[in-house]
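User: Hi! I'm new to reading structures, could you walk me through this one?
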Amino acid sequence: MILQQALRDQQAAFGNFFNPALKARYPRFKRKDGRQSIRLTKAAFSYRDGEITIAKTKTPLPIRWSRPLPCAPSSITLSRDRAGRYFISCLCDVTPEVLPVTPKMTGIDLGLSDLFITSEGMKSGNPRHLKRYEAKLAYLQRRLAKKQKGSKNRAKARNKVARLHAKIADCRRDAIHKATRTLVNENQVLCVESLNIVGMIKNRSLAKSISDAGWGEFVRQLEYKAEWAGRQLVTVSQWLPSSKICHGCGHKVEKLPLSQRHWHCDGCGQAIDRDINAARNIRTAGLAGLACGATGAGAAA
Ligand SMILES: [Zn+2]
C-alpha cells in the first residue's frame, strides 16, 4: 500500500521535473537520515471518533492534536524530522471562510530591522530568531565537530544541533503566521513588493539576515491567506524606487545608502522615515495598478 503511494509520489516528482515551468530538481533517492515520511491514502487508515488507526494495527495513534479536524481526512502523512520528532498531517477538503469586506488597504514594506512596515506606520519589530540562538548553535556545532565519527556521542550531539535548528525554524514560522494573519484579517487590499530573494541572498553581506527574516515565507503566507479570505494581494515591481521617492511631493533623491534610515525631502522639506515612506509608495503603486485592472500576482510586470 505504502509502496504504491510512493510510486505515485515518484511519478509526480518526475512530472514536476520534466515540467519546465516548475524548475523542479531531479527527484532525490530515499535517505535513511534526515526527514522521513510516508503517505497513506484512504484504504490504509481509518478515522473514527477523532482517532486515527493505521490498517493492520490495533491501537489508534497517540496523537496530540494541534486543532480538531474539520472532516475525515482523505490522506495522511506521517513524518519524522531531523530532530527525531514525529508529525502527522491530514489532508482535508474544506471550503475556506471568506472574511467580511473591509475598506482598509495597506502597503507593506519588508525590511530587516523590522520584518515588515505598513503604510499606516506600524513597525513589526524583527525577532531575529537565528541571532538569538546563534551562540548556542555555534557551541553545539563545535561540540559535534569534536566527536568521533560513527560514535553514539556524535549521534547525540547531532540530535542536539538538529533540535535547536528545529526550534529556531518553529519560532520563525510562528511569528510569520501571526503577522500575516493579522494583516489579512485587517485589510481588504494588501500591496507588497515582488521580491527577487535569490538575487538578494547572493549579496553576501545581507544574506544571513534576509533568510533569517523569512521574507519568502512571509509573502507565501500572505498569498494563500489572502486568497482564502477573499482579500486581494497586489505585487508591485521590485524596480519601483520606493525608498527614494518622497511620498508627499514625488521628489526623488539620487543617492540613499541603506544605512540612512531618515532623510529630509528637498522638495517639500518633510522629515521622512525611510521605511514608512517606502510602504506608502508601495501602497500607492499597488492601488494604481489595481485601478488599471491589474490583479493579484500578475500586477508585477
Ligand atoms: Zn517631498
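Predicted model: local features only at pLDDT ≥ 70, side-chain atom pairs only at ≥ 80, totals over all residues.

User: Great! Which residues are the protein donors of the zinc ion?
Analyst: The donors are four cysteines, C246, C249, C265 and C268, each using its SG atom and lying 2.3 Å from the zinc ion.

User: And what geometry does the site of the zinc ion have?
Analyst: The site is tetrahedral, with angles of 104 to 112° among the four donor atoms. For comparison, ideal angles for four tetrahedral donors are 109.5 degrees.

User: What spacing do the donors follow along the chain?
Analyst: The pattern is C-x2-C-x15-C-x2-C. C249 sits in the loop between β9 (232-236) and β10 (262-264), while C265 sits in the loop between β10 and β11 (271-273), so this pair ties together parts that are 16 residues apart in sequence.

User: Is C265 buried or exposed?
Analyst: C265 is buried, because its relative accessible area is 3%, under the 20% cut-off. C249 has a relative accessible area of 41%, so C249 counts as partly exposed.

User: Okay, new topic. Where is V101 found?
Analyst: Look in the loop between β5 (86-91) and β6 (105-110). V101 counts as exposed, at 68% relative accessibility.

User: What does V101 touch, leaving out residues up to four places away in sequence?
Analyst: V101 touches Q188 and R231. V101 and R231 are 130 residues apart in sequence, yet their C-alpha atoms are 8.0 Å apart in space.

Key
Residues numbered from 1 in each chain as written. Heavy atoms only, no water. Donors = N, O, S within 2.8 Å, 3.2 Å for Na, K, Ca; no water. Tetrahedral: all angles 85-135°; square planar, octahedral: opposite > 155°, others 65-115°. Helix = DSSP H or I, 4+ residues; strand = E, 2+ residues; numbered from the N terminus. Buried < 20%, exposed > 50% of the residue type's maximum accessible area, 1.4 Å probe, protein only. Contact = heavy atoms within 4.5 Å.
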